[in-house]
Protein chains: 2
Amino acid sequence: MQRASDSRTATTDSGSRPRVVVIGAGFGGLRAARGLSDVGVDVTLVDSNNFHTFQPLLYQVATAGLDSDDVCFPVRAIVRRRPAVTVRLGTVTAIDLQQRHVTIDHDHLLTYDYLVIAAGSVSTSFGIPGVDEHTFPLKTLNDALALRTHLLSLVEEVHASGGVEHDLGIVIVGGGPTGVEMAGGMRELLDKVLAKDFPHLHLDRVPITIVEAANRVLGAFKPKLSQRAERALARRNIRVEVGVGVASVEPHAVVLKDGRRLTGQTLVWAAGVTANPVAKMLGIELGRGGRIPVEADLSVLGYANVFAIGDIANALDPNGTSLPQVAQPAIQGGVHVAKQIAGRLAGQPGTPFAYHDKGSMATIGRNQAVAEFPRGLLLSGALGWGAWLGLHIVYLMGFRNRANVLVNWAWNYLTYDRGSRPIISIPTNVLKRSETR
Amino acid sequence: MQRASDSRTATTDSGSRPRVVVIGAGFGGLRAARGLSDVGVDVTLVDSNNFHTFQPLLYQVATAGLDSDDVCFPVRAIVRRRPAVTVRLGTVTAIDLQQRHVTIDHDHLLTYDYLVIAAGSVSTSFGIPGVDEHTFPLKTLNDALALRTHLLSLVEEVHASGGVEHDLGIVIVGGGPTGVEMAGGMRELLDKVLAKDFPHLHLDRVPITIVEAANRVLGAFKPKLSQRAERALARRNIRVEVGVGVASVEPHAVVLKDGRRLTGQTLVWAAGVTANPVAKMLGIELGRGGRIPVEADLSVLGYANVFAIGDIANALDPNGTSLPQVAQPAIQGGVHVAKQIAGRLAGQPGTPFAYHDKGSMATIGRNQAVAEFPRGLLLSGALGWGAWLGLHIVYLMGFRNRANVLVNWAWNYLTYDRGSRPIISIPTNVLKRSETR
């Protein structure tokens, strides 16, 4: 880091400091901004939210296990002690790689010397009819709150109208960690929490089904762990349909490619993501899933001053396989590109990104998780769950959030209860009022 | 309580148990339902929210000091261990005192033998033009979240558009505890928290003004405490305009009766409340502020089996003055009417309600509150603040909420920081989805 320090000293005239724009304050963008905060550049971090979202725990917000505020952290507070970094709240509406500028909200130009694209991914329907209209995605904090409001309102409606538990069926499309964790979280919410609130409804009998096109859930894990997860799901009365795709979605049913209709009042779409549409603004040919093709050093093909990291980048491992769209490649990519930019400034050539797989985890519920670590270490059951809890606390941002999550998890575990779970819907006139300015 | 216990034993056939409907799950309604849960009656508790709101701390949600979930508690969890109490989520749309039934959501009838009306109060414009359109009230959790979203978005907008701190003016109408606590909370949010996030805006210079029609703030307190509060507000650079009413409200200004216009981008209405419109459904003559006239035992004039408590009731103290519309009269009223109904069942005459004033408190901010207790004990400054903190924790419902509030307050106090403060707006299509069922 001697080089970086020299670089800063050499450019005390901030007017002449190179300008870096980082798009996205997710895991990757934050690490990049942090790494760039002391290498003698001015960084502008752009995000459409004023908060960083800890996406791995969104399913707990949707199932009322955590408060919405626990899984987010204010972006401005993160970079507060880094004067080289400024935050711009806004949506990227255009990128011009030739002129080297990014347009925010159609009317504000940010010019750059270096650009880091870390805009992540969005839920995609893969073009399947009815998905956008009739299913709940789970990629954003608003998604999680919308799903929570829907679930809690639905149980109240069924209770008030004298309905039965089969009016509450849940179908989750996608057997990856998000789908499996949602299913487990919903089963606990229904069986352990709401069952006490609605003693006349047999909420433990609400049908929950996971649909997965591959031939097992948690396809990114070792087959042994998939089997354990499927057994744990079966014990929780969660049905798993593997090896069958979705043909279409109707208002209250998922239609499978084999012709079967799985009815439900809550349809969750956890089947996959595609690169954030920001990628299309580059005007270059994109890879699988709309991801941006990158060189070994994570610079965008043909643009040595532009980098793409995380879910939006099509970085490859040594076998030529795309890296998984999870937190670790983004975090490590952010650290890497900050070093690349510092290196460019010092006239050094790029160095290749080497991804270190730290493992994967998914929890099915209380005392039950599967975890896969390097060197073939596999954990499941209570041990896996302990690892899951510990690592999520460690990676969560901010002391206050960690303390609150610990309080809530301890409460949930000891009492089999959940948080305040208010049914809230912020009236849209908030936005209207703001627009009258 | 021997009588109550006998009564329960005598009516094990639940079909013959008297039916009590309690309207409202606020401080009063919850106490009434709790008191009635073991006296041999079936209780239906009706509320339009699935949660009880701890209104005294709503201003902290609006100013990002606490999470929304910390100040509410699920109604069904409160009555879970009281099988005599069932909860009906819904809005009361009609009350028929002759036929003895309450209509929920236009289509569901609840018949009663005894009725407890504890629907509280709502914010009122007093007919002043522009109030409903251009000011933010602060009576509900949604109000608090809407105001927080507005405030945080506005600072971002002013920052993005190159505006200055005077584009952020705040005018609060009403110098009671709500107005004073809001002003203090907003000053701390601006000076201590957002000032660090937006170092180029001089947020400590954002003008905050309290307008109060009476000749001092905190008119319900001893004049000495009002003076101390006004000095504390002045030290925090909060302007106080007393002795002048509001003529009208424009999109970005409060027009005073003396002709002056106080401009601001955030206009808060904390000037007063009126009884919940449920009172009008009784078809009887109402008292001042739309409140329901009650006998000494809190039964509604002319209806010995109907009771009104809390903000919606016009209960009088021995001097003939209406009781204040705060938590204590509601709490004590709820305990009292439960006993009255048990007494009626046992053939006993009504007994008069004796309100015990336990004091009043209001905080201006960090280390600063005024508190007035019986026997002339007055506290202010850090001592008052300690009392304020302690009693709010004690009265807050639920261990989990208390633990979370303690964590957040400790964090806020030690770091001069606040919570995650996400700008969120739940899309209205949540409700649409639910309606498609």
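Let's start inside: α6(A) gives the largest cavity the largest share of its lining, three residues. Helices here are DSSP runs of H or I with at least four residues, strands are runs of E with at least two, and both are numbered from the N terminus.

Before more, some ground rules. This is a predicted model, so local features need pLDDT of at least 70, side-chain atom pairs need pLDDT 80 or more, and totals for chains, interfaces and linings use all residues. Residues count from 1 along each chain as written, chains are lettered from A and ligands numbered from 1 in written order, and side-chain values use heavy atoms, without hydrogens or water.

Back to the cavity. A cavity is a set of points on a 1 Å grid, over the protein atoms alone, where a 1.4 Å probe fits but cannot get out; lining residues have an atom within 4 Å of a point. The whole structure holds seven of 30 Å³ or more. The largest has about 90 Å³ of space. Volume means the space filled by probe spheres set on the points, which are joined across faces, edges and corners.

Who lines that largest cavity? From chain A: L152, V155, E156, L194, D197, F198 and R421. From chain B: N50, P74 and R76. In chain A, α6 (141–160) and α7 (177–197) each supply at least two lining residues. By type, the lining has five nonpolar, one polar and four charged residues. Nonpolar covers Ala, Val, Leu, Ile, Met, Phe, Trp, Tyr, Cys and Pro; charged is Asp, Glu, Lys and Arg; the others, Gly among them, are polar.

Now chain A as a whole. It has 12 helices and 25 strands. A compact globule of 437 residues would have a radius of gyration near 22 Å, and chain A agrees, with 23 Å. That radius is taken over C-alpha atoms, and the globule rule is 2.2 Å times the number of residues to the power 0.38. The C-alpha atoms fill a box of roughly 70 × 55 × 40 Å along the principal axes. Of the 437 residues, 57% are buried, meaning under 20% relative accessible area (1.4 Å probe, protein chains only).

A:L218 is not a glycine, yet its phi is positive, about 50 degrees. A:L218 sits in the loop between β12 (208–212) and α8 (223–235) of chain A. Is A:L218 buried or exposed? Buried, because its relative accessibility is 1%.

B:A64 also has a positive phi, near 70 degrees. Its loop runs between α3 (58–62) and β4 (72–74) of chain B. At 3% relative accessibility, B:A64 counts as buried too.

Note on methods: 1 Å grid on protein atoms, 1.4 Å probe; cavity = no way out; pocket = protein on both sides within 12 Å on 5 of 7 lines; lining within 4 Å. Buried < 20%, exposed > 50% of the residue type's maximum accessible area, 1.4 Å probe, protein only.
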